[in-house]
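Colleague: Let's go through this one together. I'd like to know what sits behind each label you use.

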Amino acid sequence: MDHRHLWLRSSRQQAILRIRAELIRQIRAYFDANGFLLLDAPIFTPSACEGTTTLFETDYVDGSKAYLTQSGQLYMEAGAAAFGRVYCFGPTFRAEKSKTRRHLTEFWMVEPEVAHIGLDEDMDLAEDFLVSIVQGVVANRRKELAALERDIAALERVQKPFARISYTEAVERLQQAGMPVRWGEDFGGDEETVLANQFDRPVMIHRYPAECKAFYMKTDPDDLKCALCVDVLAPEGYGEIIGGGQREDDYDTLLKKIRTHGLSEEAFGWYLDLRRYGTVPHAGFGLGVERTLGWICGLPHVRETIPFPRLMQRVTP
């Protein structure tokens with residue numbers, strides 16, 4: 001890793017990065033062809049989106065605190081209210097002290113958001129999107145995939161429909177497989193691998209316990225213990241590549257959740273305005289480019305998926 005700037009010259013790394021460029025091209029082409037507007041989200045933010053424990057904090061020029069973005073989702077909700085179908089595509093930052101093959105502290109994420117849809121339509125969109133980008137990469141970068149000795153047949157099986165199972169069914173499957181998991185616990189890498197290995201293409205797990213998910217997820221009206229959310233797990237042990245769901249669109253409920261999570265009402269005042277001044281049901285998701293690329297290429301570690309990886313103990317070269 002100390003010589004990453006030279007490793008880029010290797011045939012393996014060149015193949016990976018050509019596939020990365022193709023993946024990004026396919027992502028943009030899909031959203032551009034389906035009526036989405038590219039809307040840039042800020043890198044500096046005044047508050048957390050995914051949890052305060054993974055924020056990179058910095059002193060802003062006016063003496064206040066600012067944070068490197070964890071997600072552009074909240075801003076895409078503002079965009080969806082204005083334009084209907086929007087997406088952002090850029091770097092995100094998580095100060096996670098996690099030394100696994102799936103984690104980077106800086107990575108790229110694409111995040112669409114759509115007005116007037118719920119969880120089911122959101123899952124339809126994620127499924128169609130994932131099939132499109134994977135098959136586009138297979139069609140245009142077969143040579144590079146072959147150079148990496150990737151099993152292309154496994155990628156060609158990524159077709160609709162994906163299996164859709166509830167969190168409750170997922171827990172039952174894990175328990176039957178001998179995993180010591182209880183209802184209400186979030187899934188880690190081991191649990192995701194066991195579940196994904198039961199399918200030959202991505203699997204969608206929906207309606208996790210609300211306690212496991214972020215404050216902005218809408219509660220399932222048919223089961224108040226659960227959130228209207230979905231994770232998409234890649235096969236072959238690559239874990240979650242998409243996370244999303246329907247957003248809470250009721251002002252009073254959202255305000256209560258902000259208070260329950262101990263978040264600043266002042267910092268989220270603009271976000272509450274999106275409900276205060278008129279709102280509609282809306283949903284979206286985020287796809288991590290590096291994890292998705294790692295799966296497509298069949299790589300052992302996510303650090304190979306980005307030219308200059310940033311890890312828990314590495315910010316060079």
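Colleague: Which residue takes a positive phi in the hairpin of β11 and β12, and how many residues are between the strands?

Modeller: Glu236, with phi near 65°, and the hairpin has 4 residues between its strands. Bear in mind that this is a predicted model: local features need pLDDT of at least 70 and side-chain atom pairs 80 or more, while totals for chains, interfaces and linings use all residues. Residues are numbered from 1 along each chain as its sequence is written, and side-chain values use heavy atoms, leaving out hydrogens and water.

Colleague: Why does Glu236 count as partly exposed?

Modeller: Its relative accessibility is 38%. Buried means under 20% relative accessible area, exposed over 50%, and partly exposed in between, with a 1.4 Å probe and protein chains only. So Glu236, at 38%, counts as partly exposed.

Colleague: Which other residue has a positive phi although it is not a glycine, and is it buried or exposed?

Modeller: Glu149, with phi of about 60°. Glu149 is found in the loop between α5 (142–147) and α6. A relative accessible area of 73% makes Glu149 exposed.

Colleague: What makes β11 and β12 paired strands?

Modeller: A strand is a DSSP run of E with at least two residues, a helix one of H or I with at least four, both numbered from the N terminus. Two strands pair if DSSP finds at least two bridges between them. There are 6 joining β11 to strand β12 (residues 239–246), so they pair, and they run antiparallel. In that pairing, Val232 stands opposite Ile242 in β12. Strand β8 (residues 203–206) passes too, therefore, with 4 bridges to β11, again antiparallel. There, Val203 has Leu233 of β11 as its bridge partner.

Colleague: What makes you call β11 mostly covered?

Modeller: 6 of its 6 residues are buried. Cys229, Asp231 and Leu233 point one way, Val230, Val232 and Ala234 the other, and all of them are buried.

Colleague: Why is Asp231 called buried?

Modeller: Asp231 has 4% relative accessibility, so it counts as buried. Its place is in β11 (residues 229–234).

Colleague: With which side chain does the side chain of Asp231 make a polar contact?

Modeller: Tyr208, at 3.3 Å. A polar contact is a pair of N or O atoms within 3.5 Å; within protein, one must be able to donate a hydrogen and the other to accept it, and residues adjacent in sequence count only if both atoms are side-chain atoms. For touching in general, contact means heavy atoms within 4.5 Å. Residues that Asp231 touches, beyond four places away in sequence, include Lys213, Glu240 and Ile242.

Colleague: Why are α7 and α8 called roughly perpendicular?

Modeller: Helix α7 (residues 167–176) and helix α8 (residues 189–196) pack at about 90°, axes 10 Å apart. Axes are lines fitted to C-alpha atoms, over the stretch in contact for helices, and angles run from 0 to 180 degrees between N-to-C directions. Roughly perpendicular covers 65 to 115 degrees, so α7 and α8 are roughly perpendicular to each other. Ala170, Arg173 and Leu174 in α7 meet Glu191, Val194 and Leu195 in α8.

Colleague: Which peptide bonds are cis?

Modeller: Among them are Lys160 to Pro161, with omega near 0°, and Thr316 to Pro317, with omega near -5°. Pro161 is found in the loop between α6 (152–156) and β7 (163–166). The place of Pro317 is in the segment after α11 (289–297).

How values were computed. Parallel < 35°, antiparallel > 145°, perpendicular 65-115°, else oblique.
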